[in-house]
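Student: Can we walk through this model together? I'd like to start with the terms and then go residue by residue.

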Amino acid sequence: VHAPPPASATIEALRGLGYSLGAAIADLIDNSIAAGAGNVWITAHWSGKDSFIAILDDGRGMSSAELIDVLRLGRPGPGVERSPSDLGRFGLGLKTASFSQARRVTVASRRNSAEGDAFCWDLDHVAQRDEWELLQGAAEGSARHLTALEDMESGTIVLLELLDRVVPTVEASDPMAHSHFLRQLAGVEEHLAMVFHRFLDGTTPDLRLFVNGRDDSHRVRAWDPFLSRHPATIATPIERMNAHRGSVEVQGFVLPHRRRLDEAAFAKAGGPHGWTAQQGFYVYRNRRLLLPGSWLALGGTRAWTKEEPYKLARLRLDIPNTADSDWRIDVRKSLADPPDQIRPRLRDLASYVRDTARRVFAFRGSAAPTEDSAVTYVWLPAPIGRTNQVHYKINREHPAVQLVTEQHRDLKDAVEGMLRTIEQNVPVQRIWVDAIERGEIGDRADPAAVKSALDIIFAEMIRDGRMSARDAKHQLLMIEPFHKYPELIAELDESTEGGALDA
Ligand SMILES: Nc1ncnc2c1ncn2[C@@H]1O[C@H](COP(=O)(O)OP(=O)(O)O)[C@@H](O)[C@H]1O
Ligand SMILES: [Mg+2]
């Protein structure tokens with residue numbers, strides 16, 4: 001039994017998929033990118049119910065026959081093998097995205113200077129006839145919005161008109177409706193700057209995107225969610241995880257504390273939805289952002305939720321388009337679900353990044369509680385020149401070092417040589433990897449090991465009555481790592497002096 005869906009009801013249902021204007025335009029730009037476009041020009045013109053939005057690209061374009069084919073729902077289908085760089089998926093994007101915003105969609109395309117052609121889905125016409133009837137040529141009065149294509153060798157333009165979801169049916173002179181339109185447009189720009197930031201970034205970007213103009217002042221600038229060029233951003237090493245269909249790549253970032261940015265930069269870094277909403281994983285498919293911040297239902301006994309203290313945690317997650325079914329990518333490309341195989345690993349890494357982010361947030365700018373300048377630390381950060389690099393040096397003032405160098409001056413050079421060797425060979429990469437594998441860095445070392453070091457240092461401090469036990473204990477309370485173990489310090493044997501610690 002041949003039982004095709006009624007055209008009118010199907011289209012109306014598809015209109016309700018829930019695209020925002022920004023998401024719809026992003027889906028059209030996906031096609032432009034897949035068609036090899038280097039430039040996309042968006043024109044959004046306000047004129048009440050005659051308002052229109054046009055998306056023009058300089059990609060490879062299509063022939064008439066191709067155009068008719070791809071304007072059909074579900075062409076090309078999801079079963080078609082796609083090039084690894086293709087951003088499409090179900091053969092629905094162009095149609096569902098356009099219908100979600102407009103009742104009239106005209107697509108004109110031209111390839112290698114051949115005569116261009118235009119076809120139009122007019123939803124009122126479809127509703128009237130209840131047939132999948134594509135109209136040839138532009139509607140009356142619409143052709144003038146397609147003229148930009150004439151000057152190009154190859155390219156495609158998608159014209160959205162009768163924007164019933166964008167502008168309510170109002171007169172062009174309504175100032176409220178006009179400003180509402182402009183606000184939506186600003187939101188679209190922000191959305192595109194985020195979704196395509198990896199295409200838009202750099203001095204020779206893969207894609208240039210313009211809104212309502214062709215010169216540089218109309219170019220959409222990339223929004224980098226990771227502030228990856230800011231010196232105070234902490235990044236974990238890039239990690240590759242193997243899943244069934246192609247490997248994924250993950251990198252964690254802890255963004256700088258508010259104090260490290262000026263007010264405007266901090267507000268901008270928050271992103272279109274704000275700091276708290278934009279924490280978590282940023283999932284990319286072929287460098288195109290699908291999800292702008294989500295904890296992907298990972299977590300402990302309960303899934304993590306977005307909370308203020310973790311707002312500086314963001315992770316970049318790249319998935320290949322070969323793994324769409326594993327990740328359950330939906331039509332709108334707005335959902336992604338990590339396969340079970342890599343969930344534990346993602347959870348561990350995310351948990352580490354979250355933890356570090358919470359510390360930066362709480363300690364106002366540095367991952368370690370270095371705020372307490374009274375404490376004598378074992379390691380001291382020493383910036384190298386004007387680069388972003390930091391080198392860590394063993395603190396020569398630390399009593400564990402001083403006791404040796406002062407009492408055994410003959411060993412001074414040897415000790416210095418030993419310390420420098422250690423400093424220059426800190427296994428930074430290994431520490432990162434191990435920390436990520438265990439999910440966290442322990443704040444407290446093994447108390448037994450601390451105790452034995454404490455006993456040795458304490459004995460040296462009070463040897464031959466050099467210092468009273470009481471003073472030594474007071475000092476130890478301000479010396480790393482013993483300052484974290486006041487209970488061990490209190491228990492130290494004071495038999496040599498007999499005084500009690502009263503602090
Ligand atoms: N701007 C464009 N330039 C060239 N070809 C395009 C363009 N937009 C759409 N197409 C063609 O139309 C097809 C269908 O697009 P679409 O409905 O978005 O589905 P999908 O992107 O999932 O393939 C694309 O695969 C592509 O071949
Ligand atoms: Mg598409």
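Tutor: Terms it is. Helices (H or I, at least four residues) and strands (E, at least two) are DSSP runs, numbered from the N terminus. Glu 480 lies in the loop between helix H15 (469-476) and helix H16 (486-490).

Student: What should I know about the model itself?

Tutor: This is a predicted model, where local features need pLDDT of at least 70, side-chain atom pairs count only at pLDDT 80 or more, and totals for chains, interfaces and linings use all residues. Residues are numbered from 1 along each chain as its sequence is written, chains are lettered from A and ligands numbered from 1 in the order in which they are written, and side-chain values use heavy atoms, with hydrogens and water left out.

Student: Back to Glu 480. Buried or exposed?

Tutor: Glu 480 counts as buried, because its relative accessibility is 18%. The cut-offs: buried means under 20% relative accessible area, exposed over 50%, partly exposed in between (1.4 Å probe, protein chains only).

Student: What does the side chain of Glu 480 contact?

Tutor: A polar atom of that side chain lies 2.7 Å from the backbone nitrogen of Val 378. A polar contact is a pair of N or O atoms within 3.5 Å; within protein, one must be able to donate a hydrogen and the other to accept it, and residues adjacent in sequence count only if both atoms are side-chain atoms.

Student: And the peptide bond between Glu 480 and Pro 481, cis or trans?

Tutor: Cis, with omega about 0°. Pro 481 is also in the loop between H15 and H16. A cis bond also runs from Arg 75 to Pro 76, with omega near -15°. Pro 76 sits in the loop between helix H3 (64-70) and H4.

Student: Why flag those?

Tutor: Because most peptide bonds are trans, and most residues other than glycine have a negative phi.

Student: Which residues have a positive phi without being glycine?

Tutor: Leu 162 has a phi of about 50°. Leu 162 is in the loop between strand S6 (155-161) and helix H6 (175-195), and is partly exposed at 29%. Asp 464 has a phi of about 55°. Asp 464 is in the loop between helix H14 (447-462) and H15, and counts as exposed at 66% relative accessibility.

Student: New topic. What surrounds ligand 1?

Tutor: There are 17 residues around ligand 1, the closest being Asn 31, Asp 57, Arg 89, Leu 94 and Lys 95. To be near, a residue needs a heavy atom within 4 Å of the molecule or strand. Helix H4 (residues 93-101) gives the largest share of the shell, three residues.

Student: Which polar contacts does ligand 1 make?

Tutor: A polar side-chain atom of Asn 31 is 2.8 Å from an oxygen atom of ligand 1. A polar backbone atom of Leu 94 is 2.8 Å from an oxygen atom of ligand 1. For Lys 95, an N or O atom in the side chain is 2.7 Å from a ligand 1 oxygen atom. On its own, ligand 1 has 530 Å² of accessible area, and the protein covers 88% of it. Those areas come from the Shrake-Rupley method with a 1.4 Å probe; for residues, only the protein chains shown count as cover.

Student: How many salt bridges are there in the whole structure?

Tutor: A search finds 31. A salt bridge here is a side-chain nitrogen of Lys or Arg within 4 Å of a carboxyl oxygen of Asp or Glu.

Student: What does Glu 416 pair with?

Tutor: Glu 416 forms a salt bridge with Arg 396, with the closest N and O atoms 2.9 Å apart. That pair links distant parts of the chain, 20 residues apart: Glu 416 is in helix H12, and Arg 396 is in the loop between strand S15 (390-394) and helix H11 (399-407). Glu 416 also forms a salt bridge with Arg 420, at 3.2 Å between the closest N and O atoms.

Student: How far apart are Glu 416 and Arg 420 along helix H12?

Tutor: About one helical turn, because they are four residues apart in helix H12.

Student: Which residues form a salt-bridge network?

Tutor: Arg 198, Arg 240, Glu 249, Arg 316 and Asp 318 are linked in one.
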